[in-house]
Amino acid sequence: MKNIRVLVVGCGNMGASHAKAYQNVAGFEICGLVSPGNSKEALNEALGGGPKLYSDYFTALADSKPDAVCISTYPDTHEAYAIAALEAGCHVFLEKPIADSLAGAIRVAEAVKKSGKKLVVGYILRHHPSWIKFIEIAKTMGKPLVMRMNLNQQSHGYMWDVHRNLMKSLSPIVDCGVHYIDVMCQMTRSKPLRVSAIGARMTEDIPAGNYNYGQLQIHFEDGSVGWYEAGWGPMISQNAYFVKDVFGPKGSVSIVAKNAGGEGKSDDVESHTKTESLRVHHADIDAKNEFTKEDEWVNLTDEPDHQGLCDREQAYFLQAINDNIDLTDHVEDAVNSLRIAFACDESVRTGEMVRL
């Protein structure tokens, strides 16, 4: 079977990780690197050279004639880049979110159907063994579930540049929140009914209409509720910035990241995917209301680093192409998590609860 020729678009953090994955996973070859600045030269050097370098995406797409396109650019380009690739007959790996508007996300999903090509969205936690186990255990805790999650980032230096650029098009609870909304939907497999959210703009460094701290709440049909909190910037507190906790009538399960949750790591991408341990608590009590079971610690030995997770994502992309995996649900989930996230954004801006 011949290699899938991939055009890598965006050569920053995620683009570089995906490009390295294409080198690590047999079955791919990179036919071009695209970025408007000099990040493509730095990445090309790190890869050992070879791929053709482009400053313009549409020129690169026409010239390199790839089998697949990997898009890791800022969200305001996702819709146009993905649709152009699909219309050119390419499979697409697209970093989340799939667009910077719900209408755009729906247009991407329609282009996927029309093209007959594969679209894999970069929901990296779906490929993490510990997060898969976290979701699996949460499903055994009965209903309703209470889901509490956050990822606040005291960003500075390069990461503050990245976050400010992201906030030109999206809020933190949309850009980051889609991951955790997706996790909550997997845990409950229930219909989300309504959302409410709050937000605060704590710096003049971001657009007037945006905010760099937000917290959302989701109500599900089965009675489950969940919240997610995200803040970006040099003023963000690192106290309790890493909460991943779920409880139901039968007990609770929590990600306990002793090292990743440590001092000074809130804006470290590598530590965001570290789970380290799962703590499982059972609610069973005796006649004296004392617990009848000790808490369990689940320590998974398969704990990939960030690059390892990107390798797994791209191995799945390759499998989806070669084995013709039906990704209908995958794409619908990506649209729906974005639908919920944008409803939360609307709630911040209006101060009202939004029904879905």
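**Strands, sheet and cores: a conversation**

Biologist: Let's start with a pair of residues: which residue in E2 stands opposite valine 9?

Modeller: This is a predicted model, in which local features need pLDDT of at least 70, side-chain atom pairs count only at pLDDT 80 or more, and totals for chains, interfaces and linings use all residues. Residues are numbered from 1 along each chain as its sequence is written, and side-chain values use heavy atoms, with hydrogens and water left out. Strand E1 (residues 4-9) and E2 pair in the parallel sense over six bridges; two strands pair if DSSP finds at least two bridges between them. In E2, the residue opposite valine 9 is valine 34.

Biologist: Through which helix does the chain cross from E1 to E2?

Modeller: Helices (H or I, at least four residues) and strands (E, at least two) are DSSP runs, numbered from the N terminus. This β-α-β crossover is right-handed: with the strands pointing away from the viewer, the path from the first strand over the helix to the second runs clockwise. The helix on the way, residues 13-24, is H1.

Biologist: Why is strand E2 largely enclosed by the rest of the structure?

Modeller: Look at how its residues, 28-34, are covered. A residue is buried under 20% relative accessible area, exposed over 50% and partly exposed in between (1.4 Å probe, protein chains only). E2 is largely enclosed because, of its seven residues, the number buried is six.

Biologist: In E3, which residue is the bridge partner of valine 34?

Modeller: E2 also pairs with strand E3 (residues 52-54), in the parallel sense over three bridges. The bridge partner of valine 34 there is tyrosine 54.

Biologist: Now the open sheet: which are its edge strands?

Modeller: Nine strands form it, with mixed pairing, in the order E14-E13-E12-E11-E7-E10-E9-E8-E15. An edge strand here pairs on one side only, and that holds for E14 (296-298) and E15 (354-355).

Biologist: Which residue in E10 is the bridge partner of tyrosine 213?

Modeller: Strand E9 (residues 213-220) and E10 run antiparallel, joined by seven bridges. In E10, the partner of tyrosine 213 is glycine 231.

Biologist: Are the rings of tryptophan 131 and phenylalanine 134 stacked or edge-to-face?

Modeller: Both residues lie in helix H6, three residues apart, about one turn of the helix. Rings of Phe, Tyr and Trp (its six-membered ring) pair if their centres lie within 6.5 Å; planes under 30 degrees apart count as stacked, over 60 as edge-to-face and the rest as tilted. Here the centres are 5.4 Å apart and the planes stand at 85°, so the pair is edge-to-face.

Biologist: Which residues have the most contacts inside the largest nonpolar core?

Modeller: A nonpolar core is a set of buried Ala, Val, Leu, Ile, Met, Phe, Trp, Tyr and Cys residues joined through side-chain atoms within 4.5 Å. The largest one has 89 residues, and those with the most contacts inside it are Tyr57, Met149 and Met187.

Biologist: And which helix gives the most to this core?

Modeller: The leading helix spans residues 328-350 and contributes 10 residues. Its name is H12.

Biologist: Last one: which residues does methionine 235 touch, not counting residues up to four places away in sequence?

Modeller: Methionine 235 sits in the loop between strands E10 (225-231) and E11 (244-248). With a relative accessible area of 36%, methionine 235 is partly exposed. Contact means heavy atoms within 4.5 Å. Not counting residues up to four places away in sequence, methionine 235 touches Met202, Thr203 and Asn212.
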